[in-house]
Amino acid sequence: MSDYDILFEPVRIGPKVAPNRFYQVPHCNGLGYLRPRSHAAMRGTKAEGGWGVVCTEEVEIHPSSDIAPCIEGRIWDEHDVAGHRLMTAAVHAYGALAGIELTHAGLDAANESTHLTPIGPSSRGVLGGTGFEPVQTRAMTRRDLADVRRWHRKAALRARDAGFDIVYCYAAHGLTLPMQFLSRRYNDRTDEYGGSLVNRVRFLRELIEDTLDAVGDDCAVAVRLAVDELLGPAGITHDGEGSGDRRPVGRVA
Ligand SMILES: Cc1cc2nc3c(=O)[nH]c(=O)nc-3n(C[C@H](O)[C@H](O)[C@H](O)COP(=O)(O)O)c2cc1C
């Protein structure tokens, strides 16, 4: 009996059971929607090697979350499901669980291939894209909030139909709308989605509740959440109350 035996024991995650504790968290690799066969083969190789859970990279839920020229996953509509089925089949072939990380990139999406107006909690210069052209987000209206919730729910249902066992709500790395709502740097709203921590976390909470409601009986619902950006008072801190100081990190006292 060794201290490490537990790593090889099955573990329940929501309605699913992973065969062991080796968990490949979401990460990009440049294959994404462009090369679904290579992507499936790469994830399948991980399952063959023994990982109990193998996840996708971040997967865009809608064309208004387009981070071209970078390549990542897409589950914009029904046409994207077949590509994801290749991956879930490759992972399931070795008894592992397959996870998908749904995302809307918000102010990280310059939408340089879809040319849709970028959206964010507040109006800001976009963080992503090639940087050749200045692009500004529109502060999300109530209609936008309802739209993103609807797109996320539909993407979760498509993910379940593609065979995924674990469906993520993604609020980390500064790259996603729910994290941008959490951050005082990017959120200066005065409605019930801005200001206090309870208000700033509202959008993420709604996405989690929507996802549980849509697919929670069939899939585990996971959350990737930044608890501290290590930016000092400028960022999200473990107590959730960063000041939102927008000066460059090096100059924050
Ligand atoms: C090239 C690259 C792409 C990544 N893409 C994602 C991603 O799409 N989604 C995500 O949640 N994390 C992503 N990550 C973060 C990784 O999941 C992971 O947390 C990071 O590499 C640190 O590893 P560790 O958590 O084992 O310390 C990425 C990291 C790298 C290096």
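A: Let us begin with helix α2, residues 81-92, which has 12 residues and reaches 16 Å from its first C-alpha to its last, close to the 16 Å expected at 1.5 Å a residue. That expected span is 1.5 Å times one less than the number of residues in the helix. Helices (H or I, at least four residues) and strands (E, at least two) are DSSP runs, numbered from the N terminus. This is a predicted model, in which local features need pLDDT of at least 70 and side-chain atom pairs count only at pLDDT 80 or more, while totals for chains, interfaces and linings use all residues. Residues are numbered from 1 along each chain as its sequence is written.

In α2, the residues Gly83, His84, Met87, Thr88, Ala90 and Val91 are buried. A residue is called buried if 20 or more other C-beta atoms lie within 10 Å of its own, exposed if 12 or fewer, and partly exposed in between, with the C-beta atoms placed from the backbone. Seen down the axis, the buried residues of α2 fall within an arc of 160°, so they line one face of the helix; the arc is that of the directions from the helix axis to the C-beta atoms. These buried residues pack against α1 (36-49), β4 and β6 (97-103), where two residues are in contact if their C-beta atoms, placed from the backbone, lie within 7 Å.

Leaving aside neighbours within four places in sequence, threonine 103 is in contact with Glu58, Val59, Glu60, Ile61, Ser65, Tyr170 and Thr176. Threonine 103 and histidine 152 are 49 residues apart in sequence, yet their C-alpha atoms are 8.0 Å apart in space.

Serine 65, one of those contacts of threonine 103, is found in the loop between β4 (53-60) and β5 (73-74). Serine 65 also counts as buried, because 28 C-beta neighbours lie inside 10 Å. Apart from its neighbours within four places in sequence, serine 65 is in contact with Glu60, Thr103, His104, Ala105 and Ala109. By contrast, alanine 82 is 17 residues from serine 65 along the chain, and their C-alpha atoms are separated by 20 Å.

Helix α6, residues 202-215, has 14 residues and reaches 20 Å from its first C-alpha to its last, close to the 20 Å expected. Its buried residues are Phe203, Leu204, Leu207, Thr211, Ala214 and Val215, and they cover an arc of only 100° around the axis, which puts them on the same side of α6. On the other side of α6, Arg205 and Asp213 are exposed. What covers the buried residues of α6 includes α3 (142-161), β9 (166-171), α4 (177-182) and β10 (220-225).

Among contacts between residues at least 6 apart in sequence, 65% join residues at least 24 apart. Along its principal axes, the C-alpha trace spans about 50 × 45 × 35 Å.
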